Amino acid sequence: MWREIGDREAGKIRPNAFANRFKRNRIESLQLSNHKDIVSAHRGSINSLQVDLTEGRYLLSGASDASVAAYDVQRPTEYEGNGIIGKHKCLFVVDRTHESGHQYAVSSAVWYPIDTGLFVTGSYDYHINVWDTNTTQVVTNFKMPGKVYKTAMSSLATSHMLIAAGTEDVQVRLCDIASGALAHTLSGHRDGVMTVEWSSSSEWVLVTGGCDGAIRFWDIRRAGCFLVLDQSQSQLGRRPPILDRSATNKVSSSKSSSPSPNLPVKARAAQRKLSNGSSMKQSPIAKIPAKGPLRQRLHPGMLSAQDRATAHYGAVTGLKVTEDGMHLLSAGSDSRLRLWDVESGRNTLVNFETVRLQTSKPMQLATSQNSALVFVPCMTTVKAFDMWSGRTDLTFRGHYECVNCCYFSFQDQELYTGGNDRQILVWSPSRLVYDEMDEGPHQDQDNWSD
Amino acid sequence: MEDERAGRGAKVRVLIENATNSTEPDLDPRLLKAIKSVVRCSDSDLRIAAHTLMDLMKRDHSQVRYLSLLIIDQLFMRSKLFRNLLVENMDNLLSLSVGFRRNQPLPAPPAVANRLRSKAIEFLEKWNDSFGFHYRQLRLGVDYLKNTLRFQFPELQANAARLQQERRERERKSKEILLNKYETFKENFPSMKDEIHSTINEIEECLEIVRIREEQVPLVPLDEEDFEEFRSSEMWQIRLSTLEEAEKVHENNDNKVVFDALRELYKLVMTKHLVSVQEWISVLVRVEVTDNKFRDSALKELIDTKNCLQSVKKKCEEAGFALRNTGNNDEEDFWEEGKITSIESGGSGARHERNEDRAAVSISNEVKKKDLASSCKEPGDKKMLGCEGGGSQSNSLKSKLLAEAPFVKWGPHLDNWGSKRDVLANQRGLDLEGHWGRVDYDAVIPAEKISELSVQATVYKEDTVEIQPCRAPLSKGRLCERRDLRVCPFHGPIIPRDNEGKPIDQDPSKDETNSAVGKDLAERLARQAVKNVREREKEVTRKRQIDKQELQHAKRAKVREHNESVLKDAALASTSRSAAIGEDIETTNRKNPMARNKKQSLSSMLRKKVTTKDRLAQRLLNARASEGTVFQLTLGEDVRYREAFPNQW
């Protein structure tokens, strides 16, 4: 490590690369944190976890006992054991006793992406509430036709303030916070919608996964979905990530096998670079008509064969779009994890070594920096898979019952997991500095008497 | 090098497997020591040991798991590396040793499995107490088992701490109490001391007086010849003892007062002073105070007083009266007195004349009543309360009054019987009983109102009438036991009967006039005659009816026979099948009612055996019974219809 710092000082390593390398090392050493202890305020299983996107400091958790709580993950409220263990008690908790609290399990609790002044909760009592964080009062609420499984807000959005809600109902609803009304209903799924996810590259693209096993892409400016993922359509390998230059060998394989020509991809990548910069007018959708063979995808409703395609056998329980928005990771009740190429809409056939996934509940996946690792709750453990090879890198054992959700904090390289055993566990890189480990009541040392 | 390590690893594995391969409830200490010494030397061996132990924990036998767990505990408490290795798989270890997962119960020998579970929980607690701060996994495991699965932890440490705490608390409390006692003692000591001394002085004086009196009694001097007589030692002994006895002061009329006073004082010393002095001494000995001066001096004084008291006591006892005449003697006296009252109550009752207390009178009254009841057992004479005063002429007036006095049931109105006091109204209105609260002397309820309020309430009580049994003779030879008020549903009006059940002629007219007997007899004879005639007539008509019915039956049978033959002919004329059908129909027709009849008979047979209870139950289950009767009726009707109109079916 010191050598790297020296290199950085000498200018041999670029700042970005240095940071990435440093972070990667930290992620490699993730383990159950002994010094950060979140005192769960919930009496039910934890269904949703999210750290706010602005400060990376406040962890929001929603649980099955209809409670929502927020924790400060940076500053402990009290210490135990001679200051070794920092206890993080909740800053506030909103539960059933609150006059406008939820009645049934909270399935999803997300921060408003712009600041920490608002948060959104969706519950099995058919309601989506928007809360003011400081007063813990409901600002607006939306009534849904069924249990709310998942709510999502786009972190990119600058022109809309929509909450996408996946419910028991077949239609996906978009709730506008600004007006307090339902902006759209997106119909296409044939069963309840377990998970919704906004694209990380375009503010208008929404991905939904339903209990019918379909993953649909929607452009919210148009009617109907423009892409339905089909598990039988596959391609080997993947296109190179925009910033990653190491995976060139895989590009060659994709070149040879994938039906999509190499040229448009590169052109698109170049274009993406531009669009990422400033202009909002250009979007991936706008570019698709330029491609001849993909034209028909715009109206998949006409092609019933395509419309009925499924991404998983059974329900789609979790979705995660990679950081660059080019790949989509999906988990299904068939205990499979699939990595999709968003551009081509094909299964990349990466074999994730999952053992078993929880099937009955929507689950929350997480990806690490640069989408190198994906954290997947596998029953009582959380596994970290290598995104591109599917190998198991790390296994996190600590929960005593099924894990429902995990969230990776980019800022601290910490992983938060919540499960049915009501615990919120923090997995943090092992600490480098042990100076404050002046021992507690009992020394943690070898103690051989004979 | 590599070989050697592998060899040592194998050694550890073999050692552990040997240690766990036993049926003993405990580990072999030699093997354990060997394992520890091997593992202590190298980390790689420790790793191998951890691995092996986890493998053994997966064995499908509770004994193996139990012994492995014991080894794990030994190593866990000692090695940091081992802890780190184990903690990684804490949930696995717990599920294998506690068996909290439903799909992974503990394996076979259930007794050992229980031991394993309790031991595992105990160990987990111990580990958590020792190393919980360093291992989040331990804390998580304890938290999960305790708060989610609600396992009972032995909580050894917590219990010990609690016990300690309790003991300290108790000690502190007792100390406080002692100190308080000490303080009060400080205050009371001088007065108490005076009291004791005055008592002692009094006793001394009393003894003095007694002795002086005694000295006045002349002692017969011992003569020489007398001495001769008592030469033999035995006699001498007896003589001495009698002399001694004589020296003792005896109670007589003269010194009775003194003796009484002495007795009182002695009692006081025994029951009060000695006890309290003893108590104070113990308090002083135990108490811890800053200034020991007062304590020591007081202690000294107390001990002196105690000695003094003891000597006085001894003197009293020597005087010979003390023990005999105190305490229990008095009690005996009292008891006898009590007996006397109860005995005397029947007789003179002179003692009770003295006290005018109403209660006492009532008590004696009751006693008298009881005596009376026991002496004369005739139930009719219960009211003869007054006659009890026969023996006691002295209080004849009272007995007369008592005889007149009405029986009043006990009730709250007796509390202010005859009192003409006004009653203060309570703050809470008419809550007469309550005496809490502010008193307003102007708010008064006048006496007449109170008497209105406390009107004696009586509940109407029906005097019990014994309902006579019917006693009509039954077919089995017994008498009807039914008890109805007037009319037995089976045997008509209830009339007095003799032992055979024959009605005793006891007409209501009996008490009217004896002269009317003859007339009555004639009337009865006439009635009987009429009855006889009527019965005969009835019989005749019935016979006639039966004849008629038989005739009709015969007729119908004939017609039916004819019908059947006709049908048969017709059937023969038609196809065989239809004939078969006809036969079938016939048989079924014939069979079905038969079968039903049979069934009914069976069920009725069953029913015949049923007890009264069942009968009642059946009657209660009215719906079914009515349904049954309806069915029977319709069935009967059907049959009758067919019989009546054989041409039409």
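A salt bridge is taken here to be a side-chain nitrogen of Lys or Arg lying within 4 Å of a carboxyl oxygen of Asp or Glu. The model is predicted, so that local features need pLDDT of at least 70 and side-chain atom pairs count only at pLDDT 80 or more, whereas totals for chains, interfaces and linings use all residues. Residues are numbered from 1 along each chain as its sequence is written, chains are lettered from A and ligands numbered from 1 in the order in which they are written, and side-chain values use heavy atoms, with hydrogens and water left out.

Between chain A and chain B the rule finds three salt bridges, and B:Arg139 forms a salt bridge with A:Asp37 in which the closest N and O atoms are 2.7 Å apart. On the side of chain A that touches chain B, β2 (36–38) and β31 (424–429) of chain A each supply at least two residues, strands being DSSP runs of E with at least two residues, numbered from the N terminus. The most is given by β2(A), with three residues.

In total, 33 residues of chain A are in contact (heavy atoms within 4.5 Å) with 32 residues of chain B.

Chain B itself has 23 helices (DSSP runs of H or I with at least four residues) and four strands. Of the 649 residues in chain B, 25% are buried, a term that stands for under 20% relative accessible area with a 1.4 Å probe, protein chains only. Among the contacts in chain B with a separation of 6 or more, 59% are accounted for by residues 24 or more positions apart.

Notes. Buried means under 20% relative accessible area, exposed over 50%, partly exposed in between (1.4 Å probe, protein chains only).
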